[in-house]
Amino acid sequence: MVRPVPDPEEAQRQASHAFSEPSALTGQQRKIIHIDMDAFFASVEQRDNPELRGKPVAVGGAGERGVVAAASYEARKFGVRSAMASTMARRQCPDLIFVPPRFDVYREISQQIRTIFAEYTPLIEPLSLDEAYLDVTENLKGITSATQIAEEIRATIREQTALTASAGVSYNKFLAKIASDYRKPDGLFVITPRMGPAFVEALPVGKFHGIGPATTAKMNRLAIHTGLDLRSQSLPFLQEQFGKAGSYYYWISRGVDHRPVQPDRIRKSVGAENTFSSDLIAFEEMKQSLVPIIDKVWRYCEGTGVRGRTVTLKVKYADFQLVTRSRSFATPMDNKAALEHACVELLKPLLPVTKGVRLLGITLSALGAGEDHESPQLTLAL
């Protein structure tokens, strides 16, 4: 039987005090904040164009091969989400308004927000243009309450950009990330050391950061539905079933995550992949399925200004056999069409297939020479 989560309202009232006390185990309890802008790209477009406010908006290409980069909350009510094909999004929401992305504007606002973060701590780990981890255990303003810092940051972002941000506060990165999703949009949630273990126990595994739909389905087949179910599994069992990720699942099911906030990481590669609900056989359907994956990778390139010289195609077959094919170029990819062409050329020699393809992935590496190449991880849901 799943135990109930401790009362969130009471936990929030006690939050600032809980994070002021040192840990008996470590001597000092870490204070981590995860800030996530609400529907960032779409919210910027609605802010700058009053006619879009209150309406379902998708940032991305409206053509047959277009992909949704971000969806407003009005559009999400219809099931529209990032990485969805534009044709499908339009079927979900006939009144959907498509707006082309303006990455230069998003980058400028992202830098403005990062400047706000820097007033509190130098330990900032950007994940994308719209989200970041902050370690405020020892902060520049000497504020003892991480919750107070999160509230101040959210208020300043609203004042300076007219945009809203959600925040999660906890004692590690895993729980801070979960907390920021808990009261979106425009919310703040705290997972204290006292409530952390029980909170994880009651959480469906599909809500765990780092566990996607395919892994969730596999866990469910193994009768693993909640954090408590996951915690009941042995480390050898999880490693056998999920490889290296098994250790990560073992520890986060216990609310344990020792990863530090890493400022200004230099990313060596960026990638995206998709596991399909049904296996692919034909070349055209594989080629078409690569489009949103390539779009995700190129969205990162556009958002950060980085480019890469090496393209790697990942193919996982129905029997879980995995193959990769790579090609390096003398100069970095300078447009999405070139990346798409390279990916298709890597795919062709693998055809025809004798067994279905369950996953396709694209990685762009040997990154460099952009406006800057700090290392935000690619976020698939904006």
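Predicted model: local features only at pLDDT ≥ 70, side-chain atom pairs only at ≥ 80, totals over all residues.
Two packed helices are described by the angle between their axes and the distance between the axes. For α5 (residues 103-118) and α6 (residues 146-161), the angle is about 140 degrees and the axes are 10 Å apart; axes are lines fitted to C-alpha atoms, for helices over the stretch in contact, and angles run from 0 to 180 degrees between N-to-C directions. The crossing of α5 and α6 is right-handed, a crossing being right-handed if the near helix is turned clockwise from the far one by less than a right angle, and left-handed if anticlockwise.

Residues are numbered from 1 along each chain as its sequence is written. Local features need pLDDT of at least 70 and side-chain atom pairs count only at pLDDT 80 or more, whereas totals for chains, interfaces and linings use all residues, and side-chain values use heavy atoms, with hydrogens and water left out. Helices (H or I, at least four residues) and strands (E, at least two) are DSSP runs, numbered from the N terminus.

Five strands form an open sheet in the order β5-β6-β1-β7-β8, with mixed pairing. Strands β5 (124-128) and β8 (188-190) stand at the edges and have a single partner strand each, so one side of each is left without a neighbour in the sheet. From one strand to the next, the twist averages 15 degrees. Two strands are taken to pair if DSSP finds at least two bridges between them. By this criterion, β5 pairs with β6 (residues 131-135) in the antiparallel sense over four bridges, and S128 has E131 in β6 as its bridge partner. Strand β1 pairs antiparallel with β6 over five bridges, with I35 standing opposite A132 in β6, and six bridges join β1 to β7, again in the antiparallel sense, where the bridge partner of I32 is S170 in β7.

Six of the six residues of β1 are buried, that is, under 20% relative accessible area, with exposed meaning over 50% and partly exposed in between (1.4 Å probe, protein chains only). Both faces of the strand are covered, with I32, H34 and D36 on one side and I33, I35 and M37 on the other. Helix α7 (residues 173-182) lies across β1 (32-37), β5, β6, β7 (165-170) and β8, and runs at about 140 degrees to β7. Helix α2 (residues 40-48) is also mostly covered, seven of its nine residues being buried, among them F40, F41 and V44.

S269, in β9 (residues 269-280), is partly exposed, with a relative accessible area of 27%. Not counting residues up to four places away in sequence, S269 touches T363, L364, S365 and L367.

Methods: Contact = heavy atoms within 4.5 Å.
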